[in-house]
Amino acid sequence: MRARYEVPLSLTAVGAAGLAYAAGFEVRSFRLRRVTVPVLPPGMRPLRVLQVSDIHMVSGQRKKQRWLQSLAGLRPDFVINTGDNLSDTEGVPEALDALGPLMEFPGAYVFGSNDYYGPKLRNPARYLIERVQGRHGLNGNAPAVGVVHNPWEELRDAFDAAGWVGLSNSRGRLKLERIEIALTGLDDPHIKRDRYAEVAGGPESGADLSLAVVHAPYLRSLDAFTADGYPLILAGHTHGGQLCIPFYGALVTNCDIDTDRVKGLSTHTAGGHTSYLHVSAGCGTNRYTPVRFACPPEATLLTLTARG
């Protein structure tokens, strides 16, 4: 009789240990990813760009706040925030406190769906089902009903007051010491707020570098940016898969990009052009699924160097 129960009990113990690790340790095991991307004109000095994404701030997350504050010690040339700062309607003050030291640097931002709307409790298995069915966000699903609205306007106003450039379906520029960066951004494709026609036209003349920024790396956005000739696209949203299988990787991306490019640096080709793509795995989670496995929370310091 004993053998009959040994395997189920062993699997239960392994599952419990994995859950304890994912919820108790890895979700708070913050990392800095470092990436080099050769996209600058020949002869231009390297630029250091700090990308933060998917903070999903919930009141009381002190360790996350302190870690984000500490990133100011990297002294980046500028900061790009690729959205989903909130997972709590009361989280704006703590999100701004965490980002405060970074807001001393030049920066730009786009918003994600969780900046606009509060999270809802979902069965994680639905992400697998939606992947199989080709449904992601509002792209194939019914519109959200009865959602909680987050005070995103307070975030926007604070970012704008700090001099960060809002890029939701708009263009902007950052001026560094004798260097000008042109930025083109989209509002979140995950909830169909992207309006590429409003920013189409490709990189701007007169700028030393043009970058594209979007929260969710849906293929239609990546295709448009790449076909227009942007050398680098920055995105977030995927959480790197969040619950990954060691030595295999992510099972889902929560959008229509493939799992091979769920996080980190890759390329994207469309319209006869190829762009670098960097997808941040982010440093937070939805408040209802506060676990990560084989996918630690992160921010990325991208060092942009000269081409060729």
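In this predicted model, helices H2 and H3 pack with their axes 7 Å apart and at an angle of about 35°. On the side of H2 the contact is made by Arg62, Gln65, Leu68 and Gln69, and on the side of H3 by Glu94, Asp97 and Ala98. Sorted by class, this contact of H2 with H3 comprises two nonpolar, two polar and three charged residues. The chain that holds this pair has seven helices and twelve strands, and 51% of its 308 residues count as buried. Of the contacts between residues at least 6 apart in sequence, 78% join residues at least 24 apart.

**Helix H2 and its surroundings**

- Helix H2 spans residues 62-70, and Lys64, Gln65, Trp67 and Leu68 are its buried residues.
- Viewed down the axis of H2, these buried residues fall within an arc of 165°, so they line one face of the helix.
- In an α-helix there are 3.6 residues a turn, so residues three or four places apart point the same way.
- The partners against which the buried residues of H2 pack are strand S1 (31-40), strand S2 (47-52), helix H3 (92-99) and strand S12 (298-306).

**Nonpolar cores**

- Nonpolar side chains tend to be buried together in soluble globular proteins.
- The largest nonpolar core of this model has 30 residues, and Leu50, Val52, Leu68, Leu71, Leu102 and Phe159 have the most contacts inside it.
- At least two residues of this core are supplied by each of S2, H2, H3, helix H6 (152-161) and S12.
- H3 gives the largest share of this core, with four residues.
- Apart from neighbours within four places in sequence, Leu50 is in contact with Leu32, Leu71, Leu74, Pro76, Phe78, Val79, Ile80, Leu102, Ala299, Thr300 and Leu301.
- There is also a second, separate core of 25 residues, which includes Val35, Val37, Met44 and Leu302.

**The six-stranded sheet**

- Six strands form an open sheet with mixed pairing, in the order S6-S7-S8-S9-S11-S10.
- Strand S6 (170-176) and strand S10 (264-270) stand at the edges with a single partner strand each, so one side of each has no neighbour in the sheet.
- From one strand to the next, the twist averages 30°.
- Helix H7 (residues 219-227) packs on this sheet and touches strand S7 (179-185), strand S8 (209-213), strand S9 (232-235), S10 and S11.
- The direction of H7 makes about 70° with that of S10.

**Strand pairing within the sheet**

- S6 and S7 run antiparallel and are joined by seven bridges; Gly172 has Leu183 in S7 as its bridge partner.
- The hairpin of S6 and S7 has two residues between the strands, and Arg178 in this hairpin takes a positive phi near 60°.
- S7 and S8 run parallel and are joined by five bridges, with Thr184 standing opposite Ala212 in S8.
- S7 is mostly covered, as six of its seven residues are buried.
- S10 pairs with strand S11 (residues 273-279) in the antiparallel sense over seven bridges, and Leu265 stands opposite His278 in S11.
- In a regular strand, side chains alternate between the two faces of the sheet.

**Ser221, a residue of helix H7**

- Ser221 lies in helix H7 and is buried, with a relative accessible area of 1%.
- Ser221 and Ile233 are twelve residues apart along the chain, and their C-alpha atoms are separated by 9.8 Å.
- When neighbours within four places in sequence are left aside, Ser221 is in contact with Leu186, Pro189, Asp194 and Val214.

**Pro297, a loop residue**

- Pro297 is placed in the loop between S11 and S12.
- With a relative accessibility of 0%, Pro297 counts as buried, because that value is under the 20% cut-off.
- Pro297 and Val27 are 270 residues apart in sequence, while their C-alpha atoms are 6.4 Å apart in space.
- Not counting residues up to four places away in sequence, Pro297 touches Glu26, Val27, Ser29, Phe30, Arg31, Gly282, Cys283 and Arg292.

Conventions: Residues numbered from 1 in each chain as written. Predicted model: local features only at pLDDT ≥ 70, side-chain atom pairs only at ≥ 80, totals over all residues. Heavy atoms only, no water. Pairing = 2+ DSSP bridges. Axes fitted to C-alpha atoms, helices over the stretch in contact; angles between N-to-C directions. Contact = heavy atoms within 4.5 Å. Buried < 20%, exposed > 50% of the residue type's maximum accessible area, 1.4 Å probe, protein only. Arc of directions from axis to C-beta. Core = buried A, V, L, I, M, F, W, Y, C linked by side-chain atoms within 4.5 Å. Nonpolar A, V, L, I, M, F, W, Y, C, P; charged D, E, K, R; others polar.
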